Amino acid sequence: MSLASLVLVAAGARAEPPAAAAQLPLPPQAADVPWPTTAWPVGPLPAGVSAGKLDAALAVLAGPQPRLGETRAVVIIQRGKLVSERYMRGYGPDTPLLSWSMAKSITQAMVGIAVRRGLVDIDKPMGNPRWAAGDARAQIPWRNWINMIDGQDYHEIGVTDQTRNDAARMLYGPGRLDVAGFAASLPLVHPPATHWNYNSAGVNLIADALARVFAPGTTGADRRSRMSAVMKAELFAPIGMTSAQPEFDAAGNFVGSAFVYATARDWARFGLLYLRDGTWEGKRILPEHWVDFARTRTPVDDCDTYGAGFWITPPSGRGKPGRALTPDGPRDLFIAQGHEGQLVVIVPSKDLVVVRLGHLADLSGWEPLGMWVEQVVQLFPDVRP
């Protein structure tokens, strides 16, 4: 059977997530805790949390560390209240910092909003006007792109020669003026829904498809203006992410793989949206089960550390194809994660959001960063319904 035929077969299969009952329920906002749409309600550390141990963990903000590099901002939200906040000198609550790949989680949210509005069915082909109708890539459903099981020939993780790194080529090389055009040029190397591969180009194709949904017929500055307005109206403004600034390329494409600026407090708002099952002040921002989709492992055998736009902790083991950031759990922990150690850590069992923004000293710092996250998270007790 040809690759094109395999694509058609695989694309036609629905990759349903496990039943929601298999996952820990997401905690609701307490009736006596105001939503942080305009300002974060502040609370004390919960009983049982050692202030001394937390201070020791947050000492990394005092200055650059040998393995963790610079930790520039940490915000901790528990039970919907801001219970701890620290900044490295030169940074503060009003400092917008770059998402890097946490932008992929923003893109996942925007797909969810399109689904909620009835504009997208993720089990139908996403398509791209650069592909002919008979192109195998045109048959791949949105779901496969979001799960990163699209099958594209893309190389980023583990590539040490930056001249061969497709992320560098897309963002700073030949693709920099039109990231979607670059992404659309990449061929398939696997049938979809058979193999996981981290694919920033695929996320930029998703962002490009979203622009055709939300701002049809626009290009350049008009596309940038329309998409920016939609993202603000549908996502950022309702949850109070007033600092959020998505970035666009010269063709007007939202660079949904890498470029959103926001303050640490606003990144915490985004984390709380997912902790609260996509609802905010009684309004549903994301469709039902969308957060469960985000935190359910991608449906192929060779990966158990990625969901849909978010990294997850595997139900057992250390993770595949690579070590999970937090293999010692909690197992329900899921993360919006970006280059150089940008993190929005979401832990339903502890009703907890931890934001860490900064700059790792080098790529070897990911394992100690994961250990630091585990250390902080484990200071907080489980929250019972």
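Start by selecting glutamate 340: this residue has a positive phi near 65° and sits in the hairpin of β9 and β10, where three residues lie between the strands. Helices (H or I, at least four residues) and strands (E, at least two) are DSSP runs, numbered from the N terminus. You're looking at a predicted model, in which local features need pLDDT of at least 70 and side-chain atom pairs count only at pLDDT 80 or more, while totals for chains, interfaces and linings use all residues. Residues are numbered from 1 along each chain as its sequence is written, and side-chain values use heavy atoms, with hydrogens and water left out.

**The β10 neighbourhood**

β9 and β10 run antiparallel and are joined by five bridges; two strands count as paired if DSSP finds at least two bridges between them. For a landmark, pick phenylalanine 334, which stands opposite isoleucine 346 in β10.

Next, select residues 342–347, which make up strand β10. Is this strand largely enclosed or open? All six of its six residues are buried, so the strand is largely enclosed by the rest of the structure. Buried here means under 20% relative accessible area, exposed means over 50%, and partly exposed is in between (1.4 Å probe, protein chains only).

Carry on to strand β11 (residues 352–359), which runs antiparallel to β10 and is joined to it by five bridges. Valine 347 stands opposite leucine 352 in β11. In this hairpin four residues lie between the strands, and aspartate 351 takes a positive phi near 45°.

(A pocket is an open set of points on a 1 Å grid over the protein atoms alone, where a 1.4 Å probe fits, with protein on both sides within 12 Å along at least five of seven lines; lining residues have an atom within 4 Å of a point. Points are joined across faces, edges and corners, and the volume is the space filled by probe spheres set on them.)

Then select Glu156, Ile157, Tyr198, Leu363 and Trp366, which lie nearest the centre of the largest pocket, lined by 38 residues. This pocket holds about 1,100 Å³ of space. Which helix gives the largest share of its lining? That's α5, with five residues.

**Salt bridges**

The whole structure has 20 salt bridges, each a side-chain nitrogen of Lys or Arg within 4 Å of a carboxyl oxygen of Asp or Glu. Zoom in on aspartate 55 and arginine 86, whose side chains meet at 2.4 Å, N to O. Aspartate 55 is in helix α2 and arginine 86 in strand β2, 31 residues apart. Aspartate 55 is partly exposed at 40% relative accessible area, and arginine 86 is partly exposed at 30%.

For the last stop, select arginine 143 and aspartate 123, which meet in a salt bridge at 2.7 Å, N to O. Arginine 143 is buried, at 6% relative accessibility.
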